[in-house]
Amino acid sequence: MQIIAKDNHYVVVGLGLTGLSCARYLASQNIPFSVVDSRMQPPGLAQLQKELPDVTVSLGAISDEALANANELIISPGVSLEEPAIQRAIDAGVAYCGDIDLFRRVVKAPIIAITGSNGKSTVTALVGEMAIAAGKKVAVGGNIGVPALDLLSEPEPDLYVLELSSFQLERSQPLNAEVATVLNISADHMDRYSDIAAYHRAKHRIFFGCQQVVVNCSDTLSKPLVHDEVKQWHFGLGQPDFKGFGLIKEDGQEFLAFQFEKLMPVTELKIVGRHNIENALAALALGHAAGLPFAAMLSALRDFSGLAHRCQFVTSIAGVKYYNDSKATNVGAALAAIEGLEASVEKIILIAGGEGKGASFDDLLAPVQRACRAVVVIGAEAETLSRLLSPAVNVVKAVTMAEAVATAKTLAKEGDAVLLAPACASFDMYNNYQQRGDDFCTAVTSLKNKSVH
């Protein structure tokens, strides 16, 4: 379906996965466009030139003329709206949108929209698996896996399940989702937002025009201001009440539950940690709001073993378990990993550090003091973390991931866990969190092989 007149000209601002998906979509609709990026070698450039060699691409400093002559700017999530050239174009009246706006203009199928500081990828993937188990044709993507616009290359499904970032939401018009949730909010991307309130406002744009909301009843910042006619469901680790998903304890055993009915024992979950129990409850709430049957959702829950780089069990060496949570790129995510594991191990050897994104690490102090035997710090924030944590726990610095893993092994005792939960972005040492997590897994595997021989 064509949504924009062919005689207009559009400018994709910023490449990468999302910018490339915007370019593909516009080309598929025969819509004239060009691409600008302030970087000289942006990700996705080679692929763009291979797929669409005739598209004009301007690299380096973005000129006012390139933007001012556009009918609409399609701004990639990684590009701040505060960039001076973009702000001047907007002030001059140039329309702008993001990839999710283009997506929303054409799709007819209902959308389950998921955001939050932590857990959103796991919950998105899990809801997708629940929909498949229920026999639905489902498309899963957005900020996870396949960019939203690339989903349009396939026949329209029964349901879309989208993970959305604050960067995507801050430039979007009403999403009009069937079900929307902000799973939780903790300080993140403080190098992009002026304060937590600005970050909160961006996240809550997910609720604009939605039919139903799912609320984390233990996180007041997740609760939206919506009209009374918008149906609300909630989840949390406490005992559930009306329209709530939670935990019921009976004879020393915990059960996932809806309202006053037990659904399944927590012990049947393959994903580990209290935060993943909460993720499971959130997914149940979202799926139920979308009309998925409990039998299918519970079957999917029993089979779901989690995503790579998210509290992923790697192996055991000499009675010590190794977990890769490289996706813990902020303090809230690192706290969730620590608190999720601490009940099932003796002590934790934490590997943390990287690019801090302007965040405060103060909230780590008490949980680290309580749950950790030692901390190995790496990357750009190593000194900051060392100053904060060394009064409470043994802190050791490492230069490489291999050194960090080897050091952690010497500090751990039988029954402990070594946990990579950096509380930081990876860009000081790696291209992305996946590469960081893979490096951790490689180092652990190498260590295990050495211990066997």
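## Ground rules

The model is predicted, so local features need pLDDT of at least 70 and side-chain atom pairs count only at pLDDT 80 or more, while totals for chains, interfaces and linings use all residues. Residues are numbered from 1 along each chain as its sequence is written, and side-chain values use heavy atoms, with hydrogens and water left out.

Helices (H or I, at least four residues) and strands (E, at least two) are DSSP runs, numbered from the N terminus. Two strands pair if DSSP finds at least two bridges between them.

Let's start with the open sheet of 9 strands, whose order is 7-8-6-9-10-11-12-13-14 with mixed pairing. Strand 7 (138–142) and strand 14 (261–265) are at the edges with a single partner strand each, so one side of each has no neighbour in the sheet. From one strand to the next, the twist averages 25°; angles run from 0 to 180 degrees between N-to-C directions, and axes are lines fitted to C-alpha atoms, for helices over the stretch in contact.

Inside this sheet, strand 10 (residues 212–216) and strand 11 (residues 231–235) run parallel and are joined by 5 bridges.

Contact here means heavy atoms within 4.5 Å. Helix 9 lies across strand 6, strand 9 (179–182), strand 10, strand 11, strand 12 (244–250), strand 13 (253–258) and strand 14, and runs at about 130° to strand 12.

## Helix 6 and its helix partners

Helix 6 (residues 120–133) and helix 9 (residues 274–289) have axes that come within 9 Å and cross at roughly 45°. The two are therefore oblique to each other (angles under 35 degrees count as roughly parallel, over 145 as roughly antiparallel, 65 to 115 as roughly perpendicular and the rest as oblique). Their crossing is right-handed, meaning that the near helix is turned clockwise from the far one by less than a right angle. On the helix 6 side, Thr-122, Val-123, Leu-126, Val-127 and Met-130 take part, meeting residues of helix 9 that include Asn-276, Ala-280 and Leu-284. By class, this contact has 9 nonpolar, 3 polar and no charged residues; Ala, Val, Leu, Ile, Met, Phe, Trp, Tyr, Cys and Pro count as nonpolar, Asp, Glu, Lys and Arg as charged, and the others, Gly among them, as polar.

Helix 6 also packs with helix 10 (residues 294–303), at an angle of about 125° and with the axes 8 Å apart. That makes helix 6 oblique to helix 10, and the crossing is right-handed. Leu-126, Glu-129, Met-130 and Ala-133 of helix 6 meet Ala-296, Met-297, Ala-300 and Leu-301 of helix 10. This contact has 7 nonpolar, no polar and 1 charged residues.

An open sheet of 6 strands has mixed pairing and the order 15-16-20-17-18-19. Its edge strands, strand 15 (312–317) and strand 19 (394–397), each pair on one side only, and the twist averages 20° from one strand to the next.

Strand 17 (residues 348–352) and strand 18 (residues 372–377) pair in the parallel sense over 5 bridges. Ala-352 has Val-377 in strand 18 as its bridge partner.

## Salt bridges

The model has 14 salt bridges, each a side-chain nitrogen of Lys or Arg within 4 Å of a carboxyl oxygen of Asp or Glu. The side chains of Arg-24 and Glu-51 form a salt bridge, at 2.8 Å from N to O. Arg-24 lies in helix 1 (residues 16–28) and Glu-51 in helix 2 (residues 45–51), so the pair ties together parts 27 residues apart in sequence.
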